[in-house]
Amino acid sequence: MTNKSRADADLHELELRRMISRSSTLRGSRACGCCQFRQRRSWAMHTSTNESLRQDEVDRRDIRVASGDAAEASAPPVQDGDSSELLGTAPQALPPHVQLIEMGTAYWVSRVVYTAAKLGLADHLDSKPMAAAELAQLVGAHAPSLHRFMRTLAGLGILTEDKAQRFALTPLGAALKTGAPGSARSSVLALGSPWCAAAFDNLEYALKTGRTGFEKALGIPIFDYLGQHPEEASLFSETMVGFHGQEPPAVADAYDFSGFKTVVDVGGATGNLLAAVLARHNEPNGILFDMPHVVRDAPDLLRERGVAERISIQSGDFFKGVPEGGDVYLLSHIIHDWSEDQCVTILNNCHKAMAPDGRLLLVEMVLPPGDIPHPGKLLDMVMLVLPGGQERTESEYAALLSKAGFRLTGVIPTASAVSIVEAIPV
């Protein structure tokens, strides 16, 4: 083998090794593309730092040594500020094939994290570090295989391993405990669940037919399924709290609710958003409205947030009607769940219930035009395979609202990924 061919082979092997190493930092979720989108952008920014540039130069020097190019290998490493000499005027991206392989294998990480959550490893390791043999007895696992699994979790930054091969939680791993702030465990278990994964396994079917992958896999719509499985419904509600955790305070800060008397949260689940709005604004009271099996978990959350006395909980079906008498009708991630005709039905019911000077507020990920990256564009695929709804652009929301007798008056950005679509009855 010539020096050049040996160097090419070494370079290919190095690229694959670095791809696998770097892909392990992507906390990708098989079901939730928008999280993967955020992590990929964060990771891409990280790889453009001088630290990564210095590592790239070390890797190149290793290849030069392997190929016998000692003169070039002896060149000094890149120092801070020298990136232009190494890579020109812009940081060098990973080769396209490596980027695509990373995208295609991101589910490896999501399955590992899902299994760790299902086994409850973070709960077991909360009190003390353990070796795999000890932990295997608690979770009913094969000790040698569990050791390899925990070593992988340590490589992902979820666990840390000491010299005695005992594993302990890192701050990242502690967030996977049951009841930890942010509901990460519930989110991982729901969004990585067999039923959610099965929906994505039928993405091609959804693209070809316009029907949901969930119904192809399980035979019924997702919300009917949750209505028949109350434990899964509770887990799903906790997931929405965790998945959209940054949004409620951002919405409460971005919009002035102080001039209103009653805020009706239509499809508000356990009241996470309504609680944030009332905690931020003292004047209005609230009505929380959702299906009976959904609002059953609301009283505990509202008491915990200190707003229970200001909120009336009502159960019902927003396809049949919504509570009357509200100044503001708030729908957070409701409209994106349903078909166009179903959305018009929900909006018509809000129109009938509100006063002539009322306000309709839709909290959604409003898609930017063209190639502009946005987590909502991947979330749109979740809507396609799970409930059968969709994310929309501003103009698409204006067209939808007009079908139900509303006029879009503005799109208010927040400090999170969502915007507030404001409309008035006409």
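A residue is called buried when its relative accessible area is under 20%, exposed when that area is over 50%, and partly exposed in between. By this definition, buried residues make up 47% of the 426 residues in the protein. The model is a predicted one. Its secondary structure comes to 24 helices and ten strands. Among contacts between residues at least 6 apart in sequence, 65% join residues at least 24 apart.

**The sheet of seven strands**

- Seven strands form an open sheet in the order β6-β5-β4-β7-β8-β10-β9, and their pairing is mixed.
- The edges are held by β6 and β9 (406-413), each with a single partner strand, so one side of each is left without a neighbour in the sheet.
- On average, neighbouring strands of this sheet are turned by 20 degrees against each other, direction ignored.
- β7 pairs with strand β8 (residues 359-364) in the parallel sense over five bridges. Leucine 331 stands opposite leucine 362 in β8.
- β4 and β5 also run parallel and are joined by five bridges. The bridge partner of threonine 262 is asparagine 285 in β5.
- In general, strands of a sheet pair through backbone hydrogen bonds, either parallel or antiparallel.

- β4 is mostly covered, since five of its five residues are buried.
- Thr262, Val264 and Val266 point one way from β4, whereas Val263 and Asp265 point the other way, and all are buried.

- α22 lies across β4, β7, β8, β9 and β10 (419-425), and runs at about 160 degrees to β7.
- In helix α18 (residues 247-254), the buried residues are Glu247, Pro248, Ala250, Val251 and Ala252. These buried residues of α18 pack against α19, β8 and β10.

**The sheet of three strands**

- Another open sheet has three strands in the order β1-β3-β2, with antiparallel pairing.
- Here β1 (130-131) and β2 (159-161) stand at the edges with a single partner strand each, so one side of each is left without a neighbour in the sheet.
- β2 and strand β3 (residues 166-169) run antiparallel and are joined by three bridges. Glutamate 161 has phenylalanine 167 in β3 as its bridge partner.
- Helix α10 (residues 143-155) lies across β1, β2 and β3, at about 110 degrees to β2.

**Nonpolar cores**

- The largest nonpolar core has 43 residues. Those with the most contacts inside it are Trp195, Phe214, Phe257, Leu302, Ile311, Leu361 and Leu386.
- Not counting residues up to four places away in sequence, phenylalanine 257 touches Val251, Val263, Val277, His281, Pro284, Val328 and Leu361.

**Aromatic pairs and the aromatic cluster**

- The structure holds eight aromatic pairs.
- In one of them, the rings of tyrosine 255 and phenylalanine 257 have centres 5.1 Å apart and planes at 65 degrees, so the pair is edge-to-face. Tyrosine 255 counts as buried at 10% relative accessibility, and phenylalanine 257 counts as buried at 0%.
- The rings of phenylalanine 319 and tryptophan 338 have centres 4.8 Å apart and planes at 90 degrees, so this pair too is edge-to-face.
- The pair links distant parts of the chain, 19 residues apart: phenylalanine 319 lies in the loop between β6 (311-315) and β7 (328-332), and tryptophan 338 in the loop between β7 and α22 (340-353).
- Phenylalanine 319 counts as partly exposed at 26% relative accessibility, whereas tryptophan 338 is buried with a relative accessible area of 14%.
- Phe223, Phe318, Phe319 and Trp338 form one aromatic cluster.

**Charged side chains over rings**

- Arginine 111 lies over the face of tyrosine 114, at 4.6 Å from the ring centre.
- Lysine 216 lies over the face of tyrosine 205, at 5.4 Å from the ring centre.

Conventions. Residues are numbered from 1 along each chain as its sequence is written. This is a predicted model: local features need pLDDT of at least 70, side-chain atom pairs count only at pLDDT 80 or more; totals for chains, interfaces and linings use all residues. Side-chain values use heavy atoms; hydrogens and water are left out. Rings of Phe, Tyr and Trp (its six-membered ring) pair if their centres lie within 6.5 Å; planes under 30 degrees apart count as stacked, over 60 as edge-to-face and the rest as tilted. Buried means under 20% relative accessible area, exposed over 50%, partly exposed in between (1.4 Å probe, protein chains only). Helices (H or I, at least four residues) and strands (E, at least two) are DSSP runs, numbered from the N terminus. A charge sits over a ring if NZ of Lys or CZ of Arg is within 6 Å of the ring centre and within 35 degrees of the ring normal. Two strands pair if DSSP finds at least two bridges between them. Axes are lines fitted to C-alpha atoms, for helices over the stretch in contact, and angles run from 0 to 180 degrees between N-to-C directions. Contact means heavy atoms within 4.5 Å. A nonpolar core is a set of buried Ala, Val, Leu, Ile, Met, Phe, Trp, Tyr and Cys residues joined through side-chain atoms within 4.5 Å.
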